[in-house]
Amino acid sequence: MVIGDGVLTPAISVFSAVSGLELSMSKEQHRYVEVPAACAILIFLFALQHYGTHRVGFLFAPVVITWLLCISAIGVYNIFYWNPHVYQALSPYYMYKFLKKTQKGGWMSLGGILLCITGSEAMFADLGHFSQLSIKIAFTFVVYPSLILAYMGQAAYLSKHHIIETDYRIGFYVSVPEKIRWPVLAIAILAAVVGSQAIITGTFSIIKQCSALGCFPRVKIIHTSSKIHGQIYIPEINWTLMLLCLAVTVGFRDTKRMGNASGLAVITVMLVTTCLMSLVIVLCWHKSVFLAILFIFFFGSIEALYFSASLIKFLEGAWVPIALAFIFSAIMYVWHYGTLKKYEFDVQNKVSINWLLALGPSLGIVRVRGIGLIHTELVSGIPAIFSHFVTNLPAFHQVVVFLCIKSVPVPHVSPMERFLVGRVGPKEYRLYRCIARYGYRDIHKDDLEFEKDLVCSIAEFIRSERLECIIGIEDLETDEKMTVIGTSSSNLEVVRMCEDGEESSEMVEGIKMCENDDQDSSEIVCTSEIRESNTPQRLRKRVRFVVPESPGIDRDAKEELQELMEAREAGMAFILGHSYVRAKKGSSLMKRIVINLGYDFLRRNSRGPTYALTIPHASTLEVGMVYQV
């Protein structure tokens with residue numbers, strides 16, 4: 001319903017503002033101007049979203065303050081000019097008298113009365129941008145008095161003009177003095193844009209939270225501000241909302257049906273929020289159940305009255321938010337169900353460390369030269385895709401790295417804390433785990449620079465593994481110890497790698513390590529050459545590690561560094577897992593439809609992992625695996 005509100009609020013806000021043209025032109029001309037003008041403003045509004053709220057946010061406060069002062073002044077003018085006694089309508093007695101006199105007609109009118117508060121709730125969608133205290137102060141001392149004065153002014157005007165028959169619909173612009181209608185129309189359009197911006201941003205936040213919880217397909221999330229975490233932009237959702245807004249505007253073409261749809265969406269959100277608030281009272285605030293029942297009985301009964309009045313207008317436009325809620329709920333359910341089944345399959349088929357130890361150092365396969373980089377979303381354990389690969393093709397690289405790229409909810413991750421490196425299994429297995437952490441405003445390096453930093457982080461881990469000053473966290477399942485390693489460019493105290501081309505004419509065996517007391521660093525140099533009969537010598541890439549001054553490196557570490565250098569010289573291959581989720585045999589028809597059709601369609605049309613976009617295609621190997629869930 002919140003997403004539906006994000007569709008309906010911009011449409012009705014802009015269309016209502018543009019409807020002021022009705023009083024400035026003939027009815028025939030107005031018919032051909034109102035809808036195109038509203039559509040043009042909506043397209044402009046959604047086209048501005050990619051700039052971010054902070055780029056245009058400096059205009060929001062002046063526009064909103066001007067609009068509130070404008071409607072307050074018009075309300076005060078109408079009160080004193082038409083009916084100064086209208087202030088008595090603030091008494092709840094008149095509400096009771098109205099409902100008692102009109103009965104069913106008054107109850108049905110509550111759906112229209114609800115529109116008096118729709119739009120003001122958009123302020124609470126900005127909780128990601130402002131504090132609760134600032135919103136309370138603004139609503140209590142500015143927004144609420146302005147709305148009361150504006151509605152009292154309109155009531156005063158209607159008390160003197162409700163008998164007059166006119167071709168125009170009675171609305172806000174009728175009560176505006178004719179001399180200032182055009183300036184008020186301009187301010188109203190700007191205020192509609194600002195109000196729509198708030199609910200659009202709230203929709204982005206809802207989608208982002210659902211995606212983080214695995215309840216919505218992966219979408220591209222762009223953080224438009226490095227200071228405020230809540231300011232985001234989602235291109236796919238933005239253009240989808242724009243198309244839906246245009247469809248509603250062109251399809252309905254009048255504020256009555258738009259109001260019925262928007263009213264049902266808003267009151268449903270309020271009713272659900274009240275029900276959830278009762279759970280917060282008991283579970284989070286640890287208050288008595290009796291207090292929660294009183295809360296939901298008092299506020300829920302009032303909201304249920306408005307909800308029932310809005311629901312009877314189902315065929316008059318109120319079906320739109322229900323249809324939108326059904327569509328988005330179906331998408332979220334299918335994606336969450338498929339993701340949950342896929343995760344359960346990963347956990348059940350996770351390769352244990354005992355399986356790895358039983359294979360021996362060679363893993364029971366042929367170890368070829370090079371580095372095999374396996375991308376995985378698991379931060380612990382061995383992914384099933386690795387066992388699937390070596391079972392069907394018993395050969396793998398001499399150095400294996402399980403790489404996990406994680407996005408953390410901070411703007412930037414310090415380069416000194418970029419990598420978490422650990423070992424999987426005993427040393428002779430040459431299996432490593434590396435977790436690369438990026439903030440939402442960090443710029444991902446090109447693949448060559450990333451490869452260099454990754455290899456250097458593993459070399460630094462090997463060098464500092466026995467030092468007492470390492471910072472580690474322990475994985476209870478595999479007994480891994482992860483070490484925080486910075487990038488080679490951010491810290492001169494870590495291992496750095498130099499690559500160049502040279503013409504090798506002899507075989508250098510082992511590691512040549514030169515240490516001088518006068519120098520701050522030592523070089524571990526490894527060169528290798530493949531000799532072929534009757535072939536000219538060719539240019540070979542030469543890799544060497546520049547190691548900072550430290551206690552002596554033992555022989556095992558030297559051998560491990562030598563193998564790492566030889567593997568780097570041979571090249572690096574990227575192994576990506578590609579899963580196909582299918583319902584297992586014997587599943588129900590509904591499950592087969594959800595998994596084989598629904599989830600598969602969403603997975604194919606949603607964004608893949610972010611790291612897959614920066615991997616060189618020439619060195620990529622994609623391993624497919626069917627998940628029978």
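Me: What are α1 and α9 in orientation to each other?
Reply: This is a predicted model, in which local features need pLDDT of at least 70, side-chain atom pairs count only at pLDDT 80 or more, and totals for chains, interfaces and linings use all residues. Residues are numbered from 1 along each chain as its sequence is written, and side-chain values use heavy atoms, without hydrogens or water. The axes (lines fitted to C-alpha atoms over the stretch in contact, with N-to-C angles from 0 to 180 degrees) of helices α1 (residues 2-18) and α9 (residues 235-252) cross at roughly 50 degrees; helices are DSSP runs of H or I, at least four residues. Angles under 35 degrees count as roughly parallel, 65 to 115 as roughly perpendicular, over 145 as roughly antiparallel and the rest as oblique, so α1 and α9 are oblique.

Me: Which helix do the buried residues of α7 pack against?
Reply: Buried means under 20% relative accessible area, exposed over 50% and partly exposed in between, with a 1.4 Å probe and protein chains only. In α7 the buried residues include Ile135, Gln154 and Tyr157. They pack against α4 (60-82).

Me: Is serine 175 buried or exposed?
Reply: Serine 175 lies in the loop between α7 and α8 (181-212). Leaving aside neighbours within four places in sequence, its contacts (heavy atoms within 4.5 Å) are Ile74, Asn78, Gln154 and Tyr157. With a relative accessible area of 4%, serine 175 is buried.

Me: How many Å apart in space are serine 175 and glutamine 154?
Reply: Glutamine 154 is one of the buried residues of α7. Serine 175 and glutamine 154 are 21 residues apart in sequence. In space, C-alpha to C-alpha, serine 175 and glutamine 154 are separated by 6.1 Å.

Methods
Helix = DSSP H or I, 4+ residues; strand = E, 2+ residues; numbered from the N terminus.
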